[in-house]
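Open the model in your viewer and keep the sequence panel beside it. We will go stop by stop.

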Amino acid sequence: MVPSTTKLLLTDMVLGVDHVPSNYVRPPSERPNFKDVQASDVSIPLIDLQDLQGPGRPDVVKQIGQACQHSGFFQIQNHGVSETMISNILRLARDFFQLPESERLKNYSDNPSNPVRLSTSFNVKTEKVANWRDFLRLHCYPLEDYVHQWPSNPPSFREDVAEYCTSIRALVLRLLETISESLGLEKNYVSGVLGKHGQHMAMNYYPPCPQPELTYGLPGHTDCSLITVLLQDDVPGLQVLRNGKWVSVNPIPNSFIVNIGDHMQVISNDRYKSVLHRAVVNCNKDRISIPTFYCPSPDAVIGPSPELVDDDHPAVYRNFTCEEYYTQFWNRGLATESCLDTFKASTT
Ligand SMILES: O=C(O)CCC(=O)C(=O)O
């Protein structure tokens, strides 16, 4: 069957394909290589946040600090976001991607700086090989600046997503306090250097793929965020690089996956690592994931915390504005070399 090349979105294009079109096919050396992936949940710590407000707090802080240092990723349970809200947001995302094409396309944009953007792959303007993903990306903080621009269909979209964003922001702020403490910093330190703060959310939709061994939902990348809080449905797809091996993170119902992003790596002066991860696809089931990227506002200046710099730990990065970083991130496309290399402190 000949795929329709006239479709803007993968969701509509896949209806007619029984093979992966050539513009999605990775060169052999860059393919997912499923037989080399470790199937394991144990290497990504699962941390219970129940005790964060009680006498057990120092232990939770320690667990989070160790996870940030050694894995760059951890999973959380008892995080305060209700099961109802979680199932509701996953259903809403699915409902959005099942809307008629003409309704979805009202939100289409290929401009990465657009605060509401339904698009496909990663950056269709710059990339050479496409990714097996459609996504809706929303700016979410402050809510009142953005909600009125969000999709109005499904009808409860704005209200439900706004509630979800508010809950996730509260969770992120608790996590940032904990992470600050785990670095030996004052608990409001990280939140205090972010300017007005920024919160972006994506709803990723990965349709079933006839040849998942040839392509990615998203290839290996690190996140343009301080931390990312990811919700995934019950279909596996996320893989994390650990000790040079890709490890799949199998979904645990009602948990979130938290990872350190590039900006936290900078603030921590490389103590905490922004780790490569990727999303693979499969031939049977579509998959939804909903990452929230918590970030500094564009005018915020980010650099290593002075308290984490000394003669034994010289500053690894120069100070830079997040605007500079965002421009680099979106223009270069997803790549396994970190975008942070450009922001390294001069050693001369
Ligand atoms: O779908 C996933 O599990 C990962 C998503 C992701 O890494 C991203 O949206 O940046």
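In which loop is Pro154 found? Select Pro154: the loop between helix 5 and helix 6 holds this residue. Helices here are DSSP runs of H or I with at least four residues, strands are runs of E with at least two, and both are numbered from the N terminus.

Two notes before moving on. Residues are numbered from 1 along each chain as its sequence is written. This is a predicted model, in which local features need pLDDT of at least 70, side-chain atom pairs count only at pLDDT 80 or more, and totals for chains, interfaces and linings use all residues.

**Stop 1: two cis bonds**

Stay at Pro154. The peptide bond from Asn153 to Pro154 is cis, and its omega is near -5 degrees. Now select Tyr141 and Pro142. A cis peptide bond joins this pair too, with omega about -5 degrees. Pro142 sits in the loop between strand 5 (134-139) and helix 5 (143-146).

**Stop 2: two positive phi values**

Select Asn78. Its phi is near 50 degrees, a positive value in a residue other than glycine. Asn78 belongs to the loop between strand 3 (73-77) and helix 3 (83-97). The cut-offs: 20 or more other C-beta atoms within 10 Å of a residue's own make it buried, 12 or fewer make it exposed, and anything in between is partly exposed; C-beta atoms are placed from the backbone.

Go to His197. Here phi is near 75 degrees, again positive in a residue other than glycine. Look for His197 in the loop between helix 7 (189-192) and strand 6. His197 has 18 C-beta neighbours inside 10 Å, so this residue counts as partly exposed.

Why pick out these bonds and angles? Most residues other than glycine have a negative phi, and most peptide bonds are trans.

**Stop 3: helix 2 against helix 6**

Select residues 57-70 for helix 2 and residues 157-182 for helix 6. They pack at an angle of about 80 degrees, with their axes 9 Å apart. Axes are lines fitted to C-alpha atoms, for helices over the stretch in contact, and angles run from 0 to 180 degrees between N-to-C directions. The two helices are therefore roughly perpendicular. That label covers 65 to 115 degrees; under 35 is roughly parallel, over 145 roughly antiparallel, and the rest oblique.

Show the side chains at the contact. Helix 2 brings Val60, Val61, Ile64, Gly65 and Cys68, and helix 6 brings Thr178, Ile179, Glu181 and Ser182. In contact means that the C-beta atoms of two residues, placed from the backbone, lie within 7 Å. By class, this contact has five nonpolar, three polar and one charged residues. Nonpolar covers Ala, Val, Leu, Ile, Met, Phe, Trp, Tyr, Cys and Pro; charged covers Asp, Glu, Lys and Arg; the others, Gly among them, are polar.

Next, Arg57 in helix 2. Its C-alpha atom is separated by 8.8 Å from that of Thr178, 121 residues apart along the chain.

**Stop 4: the core**

Which residues have the most contacts inside the largest nonpolar core? Select Phe74, Val172, Met203, Ile227, Val229, Val258 and Ile290. This core has 85 residues. A nonpolar core is a set of buried Ala, Val, Leu, Ile, Met, Phe, Trp, Tyr and Cys residues joined through C-beta atoms within 7 Å. Helix 6 gives the most to this core, with nine residues.

Centre on Val258. Not counting residues up to four places away in sequence, Val258 touches Phe74, Ile76, Leu175, Ile227 and Val229.

Now find Phe135 in strand 5. Phe135 is buried, because 24 other C-beta atoms lie within 10 Å. Leaving aside neighbours within four places in sequence, Phe135 is in contact with Ser119, Ala202, Met203, Asn204 and Tyr205.

**Stop 5: around the ligand**

Last, select the ligand. The residues around the ligand include Ala202, Asn204, Asp223, His277 and Pro291. The cut-off here is a C-beta atom, placed from the backbone, within 6 Å. Strand 6 (198-206), strand 8 (227-232), strand 12 (277-279) and strand 13 (287-295) each supply at least two residues of this shell. By class, the shell has six nonpolar, five polar and one charged residues.
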